[in-house]
Amino acid sequence: MFSALARVFKTPDLRRKIWFTIGIITIYRIGAFIPAPGVDYGAVQQCLELGSTEGGLYSFVNMFSGGALLQVSVFALGIMPYITAAIIVQLLRVVIPRFETLQREGPQGQAKLTQYTRYLTIGLATLNATTLVATARTGALLGCDIPIIPNDSLWVIVLMIVVLTSGVALIMWLGEQITERGVGNGMSILIFVSIAAGFPGAMGQIWTVQGWRTFALVMLIGLVIITAVVFVEQSQRRVPVQYAKRQVGRRTVGGTSTYIPIKVNMAGVIPVIFSSSVLMLPSVYIQFNQPAPGEEPGWFAELIQTYFGTQSHPVYMVIFFLLTIGFTYFYVTITFNPNEVAENMRKYGGFIPGIRAGRPTESYLAYVISRITFPGSLYLGFIALIPLIAFVLIRADQNFPFGGTSILIMVGVGLTTVKQINAQMEQRNYEGLLR
């Protein structure tokens with residue numbers, strides 16, 4: 001491993017890209033601890049020490065911001081508005097034909113879709129910043145009676161919203177700089193850093209509260225989970241494709257064999273994010289419909305509190321698992337179009353051995369996708385439930401580090417980044433990063 005790292009840093013161009021990426025990451029992490037204007041940093045720390053935010057409404061978003069959300073810093077919103085905007089733009093391809101046309105136009109169309117994503121990110125960031133400032137002003141954000149915004153005048157509130165929105169724009173720009181001048185996909189790297197920043201605290205809390213035996217058990221479980229995730233993320237069903245020979249002018253083209261790689265987990269982490277977002281709605285209802293002192297909660301609020309107030313209830317786990325499976329099929333359906341793939345194969349003289357071109361090819365691809373999505377959806381559902389199961393069985397921290405969206409994103413980004421570094425090294429040396 002050390003010899004591989006030495007080969008990486010001996011390559012001048014690659015070394016420069018890695019140091020540039022590390023510099024951007026450093027700026028991003030510093031911004032996570034700079035308080036937004038108008039925020040009493042001491043009051044925020046006092047509220048965090050009370051521990052009333054554990055497992056709360058904003059813990060999911062706080063994970064993607066690297067802890068900046070509950071610090072109410074200039075980067076409090078993190079990368080979440082961009083993730084949401086990118087998912088919305090991708091889903092709109094099914095609804096808006098113009099977006100589908102841009103997707104097929106190549107780099108120019110992709111650049112236009114990226115611009116739309118940026119505009120939508122700023123809009124969502126403004127909405128999220130307004131909500132964050134409103135909840136921080138009332139004390140609902142940290143669940144604390146200590147005022148964290150001493151001066152809540154209109155000027156201060158507007159300034160906070162502008163700064164938080166500008167923080168999202170700056171994060172988006174930093175991610176694009178990593179993509180253009182650094183190593184890996186910038187947005188993915190920043191998400192990786194945000195999630196990894198919470199690992200030392202989560203593991204330290206498990207050691208302090210549960211002891212070294214539980215800590216060792218968690219580390220062992222984490223190693224097994226990472227191994228399983230790497231295995232599944234690398235697994236794919238290769239559908240063979242044969243291209244017939246064609247005469248183009250004086251040249252003969254085609255006659256080659258290739259394959260369509262269909263991953264077991266084609267949906268990535270998106271279904272888990274969808275499921276978590278949907279199941280956050282009952283928490284929103286509970287938080288903003290608290291009964292007045294002396295009043296009894298209504299039957300509906302009591303029902304929601306019983307089954308969705310904590311993530312350890314079996315009903316919550318079952319619904320989370322089923323939602324993850326359903327969203328996996330939904331997302332794969334809208335992102336992989338068998339008709340389009342079959343049409344492109346027919347256009348260029350390609351066919352699957354034993355399957356006729358056209359409608360039979362489309363039906364065969366739809367059958368393969370349906371069959372391979374089922375184990376992929378079960379895998380995602382199980383990974384999503386790992387933190388909840390760990391909390392019930394070994395009473396570890398509710399934000400169990402080795403499971404759910406965190407481990408899927410970290411392993412996925414890590415594998416992709418290592419592959420990119422390996423490809424760049426192979427362009428300059430006979431040996432890559434991975435032998």
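The legends below describe close-up views of one predicted model. Residues are numbered from 1 along each chain as its sequence is written, and side-chain values use heavy atoms, with hydrogens and water left out. In this predicted model, local features need pLDDT of at least 70 and side-chain atom pairs count only at pLDDT 80 or more, while totals for chains, interfaces and linings use all residues.

Figure 1. Helices (H or I, at least four residues) and strands (E, at least two) are DSSP runs, numbered from the N terminus. Of the 435 residues in the chain, 43% are buried; buried means under 20% relative accessible area, exposed over 50%, and partly exposed in between (1.4 Å probe, protein chains only). The accessible surface of the chain is about 22800 Å², and 63% of this belongs to carbon and sulfur atoms. Accessible areas come from the Shrake-Rupley method with a 1.4 Å probe; for residues, only the protein chains shown count as cover. Among contacts with a separation of 6 or more, 71% are between residues 24 or more positions apart; a contact means heavy atoms within 4.5 Å.

**Figure 2. Strands β4, β1 and β5 form an open sheet, in the order β4-β1-β5.** The pairing is antiparallel, and two strands pair if DSSP finds at least two bridges between them. The edge strands are β4 (257-263) and β5 (350-351), each of which pairs on one side only. Strand β1 (residues 236-243) is joined to β4 by 7 bridges. Here Pro240 has Tyr259 of β4 as its bridge partner, and Val239 stands opposite Ile260 in β4. Between β1 and β5 there are 2 bridges, and Tyr243 stands opposite Gly350 in β5.

**Figure 3. Tyr28 and Phe75 form one of the 6 aromatic pairs in the structure.** Rings of Phe, Tyr and Trp (its six-membered ring) pair if their centres lie within 6.5 Å; planes under 30 degrees apart count as stacked, over 60 as edge-to-face and the rest as tilted. The pair of Tyr28 and Phe75 is stacked, at 6.0 Å centre to centre with 25° between the planes. Tyr28 belongs to helix α2 (residues 12-31), and Phe75 to the loop between α5 (68-71) and α6 (80-95), so the pair links parts of the chain 47 residues apart. Both Tyr28 and Phe75 are buried.

**Figure 4. Phe274 and Phe327 form an edge-to-face aromatic pair.** The centres are 5.4 Å apart, with 70° between the planes. Because Phe274 lies in helix α13 (residues 270-288) and Phe327 in helix α15 (residues 314-335), the pair ties together parts that are 53 residues apart in sequence. Phe274 counts as buried because its relative accessibility is 16%. Ring pairs link Phe274 and Phe327 with Tyr331 into a cluster.

**Figure 5. Phe300, Leu303, Tyr307 and Val315 make a nonpolar surface patch of about 300 Å².** Patches are made of residues with over 30% relative accessible area and no salt bridge: like charges are joined within 9 Å, nonpolar side chains (Val, Leu, Ile, Met, Phe, Trp, Tyr) within 5 Å. A salt bridge is a side-chain nitrogen of Lys or Arg within 4 Å of a carboxyl oxygen of Asp or Glu. Helix α14 (residues 299-308) gives the largest share of the patch, 3 residues. Tyr307 lies in helix α14 and counts as partly exposed, at 30% relative accessibility.
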